[in-house]
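These are my notebook entries on a structure that I looked through step by step. I set down each thing I looked up and what I found.

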Amino acid sequence: MRGLDVRELECFLVLSEELHFGRTGDRLYVSQSRISQLLRKLESRIGARLVERTSRRVRLTDFGEEFAVALRPAYDALASTVEEARTRARGGRGRLRIGFQGTVYEQVTRAITTFHDRHSDCRIDLVEIPLSDPFGALRRAEIDAAVVLLPIEEPDLTVGVTFSEQQQYLAMSTHHPFARRKNLTAEDLARTRLIPLAGPAPDYWKRVHCPDSTPSGRAIPQEDGVHTLQEGLTQIAAGRGAMLLCGATAKYNFRPDISFVPITGLPASALGLIWSSSGETPHLKEFATTISDFER
């Protein structure tokens, strides 16, 4: 164990889930070459090949599969021990760090107030995370849970509750040709330019929130990407393009230089409270239930 770098273990576990060096690098915020370097060090330390990599695919060796299964609970236990020590260092006071994307919705703030009333020994801190990176802070253990836009198709993450299903709106400059319309359809998107989300969010997630084609297959022009909601709103106000936003986000971000027009023909927007499947706690589950109570 002398000189063991926990980063090597983290790299291997993420790679065992993604089976892709690029996506593993995105999740850990390092380059593909750094992933390869960490993997080589771990394989050298162990004395066996863990991963087989060709130009077409990445897969675990039989030894690598066995090692991943054995390593996961030990790694999770280590992370849990560190978190428990942090709690004790704070005098036994628990803390939940909840990430949010751009806007803290009323349903979440009401749930926080109720949760605090029931658990005065557990504090909830709110942390803003980039709109274009819904899962990164959670995987880096910078937060304990996050309120993010659906869909979620991540095998290492748990969706504790889904809520706030709402119609989508197209946000655009007040000078945009669509700005005075009372409503729009998904096919109208082919006649404007959407501002996509840049960054490490999965492609399936980006396509939902900034589609590249209409339901009938017509191409939707794209502008340069942004990372945060405020970046997007600034680009919209400057006439650089439009973005799809849920009704609550449109309401909370009203400004005189942007028009928000409801759009039909697209799936409703919805939110989820998510956390690492290996980091589930009773407090997280109860907070999810509290959010759910305000949905009724």
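Entry 1: The model is predicted, and I began with helix H3, which covers residues 32-46. At 1.5 Å a residue, its 15 residues should span 21 Å, and I found its end C-alpha atoms 21 Å apart, so the two values agree. I then asked which residues of H3 are buried. They are Ile-35, Ser-36, Leu-38, Leu-39, Leu-42 and Glu-43. Seen down the axis of H3, the buried residues fall within an arc of 165 degrees, and therefore they line one face of the helix. On the face turned away from that buried side I noted the exposed residues Ser-33, Arg-40 and Ser-44. After H3 comes Gly-47, with a positive phi near 90 degrees.

**Entry 2: cysteines.** How many disulfides does the whole structure hold? My search found zero. Cys-210 is in no disulfide, and its nearest cysteine sulfur, that of Cys-246, is 16 Å away. A disulfide would need the two sulfur atoms within 2.5 Å. I recorded Cys-210 as buried, because its relative accessibility is 8% and the cut-off for buried is under 20%. Cys-122 is also buried, at 1%.

**Entry 3: a surface patch.** I looked up a nonpolar surface patch of about 230 Å², made by Val-6, Leu-78 and Val-82. Val-82 lies in helix H4, residues 62-89, and counts as partly exposed at 46% relative accessibility.

**Entry 4: salt bridges.** Side chains of opposite charge can pair when their charged atoms come close. The whole structure has 22 salt bridges. In one of them, the side chains of Arg-139 and Asp-156 meet at 2.7 Å, N to O. This pair links distant parts of the chain, 17 residues apart: Arg-139 is in helix H6, and Asp-156 is in the loop between strands E5 and E6. Is Arg-139 buried or exposed? Arg-139 is buried, with a relative accessible area of 17%, and Asp-156 is buried with 12%.

Next I looked up Glu-223 and Arg-193, whose closest N and O atoms are 3.6 Å apart in a salt bridge. They too link distant parts of the chain, 30 residues apart: Glu-223 is in the loop between helices H7 and H8, and Arg-193 is in the loop between strand E8 and H7. Glu-223 is partly exposed at 21%, and Arg-193 is partly exposed at 41%. Salt bridges that share partners join Arg-193, Glu-223, Asp-224 and Arg-240 into one network.

Methods:
Residues are numbered from 1 along each chain as its sequence is written. This is a predicted model: local features need pLDDT of at least 70, side-chain atom pairs count only at pLDDT 80 or more; totals for chains, interfaces and linings use all residues. Side-chain values use heavy atoms; hydrogens and water are left out. Buried means under 20% relative accessible area, exposed over 50%, partly exposed in between (1.4 Å probe, protein chains only). Patches are made of residues with over 30% relative accessible area and no salt bridge: like charges are joined within 9 Å, nonpolar side chains (Val, Leu, Ile, Met, Phe, Trp, Tyr) within 5 Å. Accessible areas come from the Shrake-Rupley method with a 1.4 Å probe; for residues, only the protein chains shown count as cover. A salt bridge is a side-chain nitrogen of Lys or Arg within 4 Å of a carboxyl oxygen of Asp or Glu. Helices (H or I, at least four residues) and strands (E, at least two) are DSSP runs, numbered from the N terminus. The expected span of a helix is 1.5 Å times one less than its number of residues. The arc is that of the directions from the helix axis to the C-beta atoms.
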